[in-house]
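Here is my note on the model you asked about. Keep the sequence and the structure open beside it while you read.

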Amino acid sequence: MANKDVKPGLIRWVILLQEFDFEVKDRKGTENKVADHLSRLEEVGRLKEDLEINDAFPDEHVFAISSTSTTWYADIANFLASDLIPDGLEAYQKKEFLRECRHYY
């Protein structure tokens, strides 16, 4: 409260929370295990030979997305870049396609 750089929203929360008795307990490394691991890599006063690094991170996942279909705008981008109209369109589909391309030109 003595700091003059504190924002009004923070002061409001401090005043509201003053009526409650609570204790904040910080559990190191529970939010972001990777950042916690990296922050402990080199501690001051500790020899590098004694440093053991645990490379196993729980909840580590590798995700990959593969898709064989083209995006909805691929034909429009091809038409705008090289005037190529997609094959297999009937007359009314071609007219609708060209009308749609005008919105992006």
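**Notes on the model**

1. You will find L16 in helix α1, residues 8-17 (helices, H or I with at least four residues, and strands, E with at least two, are DSSP runs numbered from the N terminus).

2. A word on how to read all this: the model is predicted, so local features need pLDDT of at least 70 and side-chain atom pairs count only at pLDDT 80 or more, while totals for chains, interfaces and linings use all residues. Residues are numbered from 1 along each chain as its sequence is written, and side-chain values use heavy atoms, leaving out hydrogens and water.

3. How confident is the predictor? The protein chain has an average pLDDT of 77, and 69% of its residues score at least 70 (pLDDT is the predictor's confidence in each residue, from 0 to 100). Among the elements, helix α4 (residues 91-102) has the highest mean pLDDT, 93, and helix α2 (residues 33-39) the lowest, 71.

4. Now the overall layout. The protein chain has 4 helices and 0 strands, giving the pattern α-α-α-α along the sequence. Of its 105 residues, 9% count as buried. The chain exposes about 10600 Å², with carbon and sulfur atoms supplying 53% of that area (accessible areas come from the Shrake-Rupley method with a 1.4 Å probe; for residues, only the protein chains shown count as cover).

5. Which residues of α3 are buried? A74, I76 and F79 are buried there, and the buried residues of α3 pack against α4. Across the chain, 22% of the contacts with a separation of 6 or more are between residues 24 or more positions apart (contact means heavy atoms within 4.5 Å).

6. Do look at D83, in the loop between α3 (74-82) and α4. Its phi is near 55 degrees, a positive value in a residue other than glycine. D83 counts as exposed because its relative accessibility is 59%.

7. Finally, the aromatic rings: the structure holds 3 aromatic pairs. The W72 and Y73 pair is edge-to-face, because the ring centres are 5.3 Å apart and the planes are at 85 degrees (rings of Phe, Tyr and Trp, the last by its six-membered ring, pair if their centres lie within 6.5 Å; planes under 30 degrees apart count as stacked, over 60 as edge-to-face and the rest as tilted). W72 and Y104 form a tilted pair, 6.1 Å centre to centre with 55 degrees between the planes. Because W72 lies in the loop between α2 and α3 and Y104 in the segment after α4, this pair ties together parts that are 32 residues apart in sequence.

8. W72, Y73 and Y104 form one aromatic cluster. Within it, W72 is exposed, with a relative accessible area of 61%. Y73 is partly exposed at 44%, and Y104 is partly exposed at 45%.

Conventions. Buried means under 20% relative accessible area, exposed over 50%, partly exposed in between (1.4 Å probe, protein chains only).
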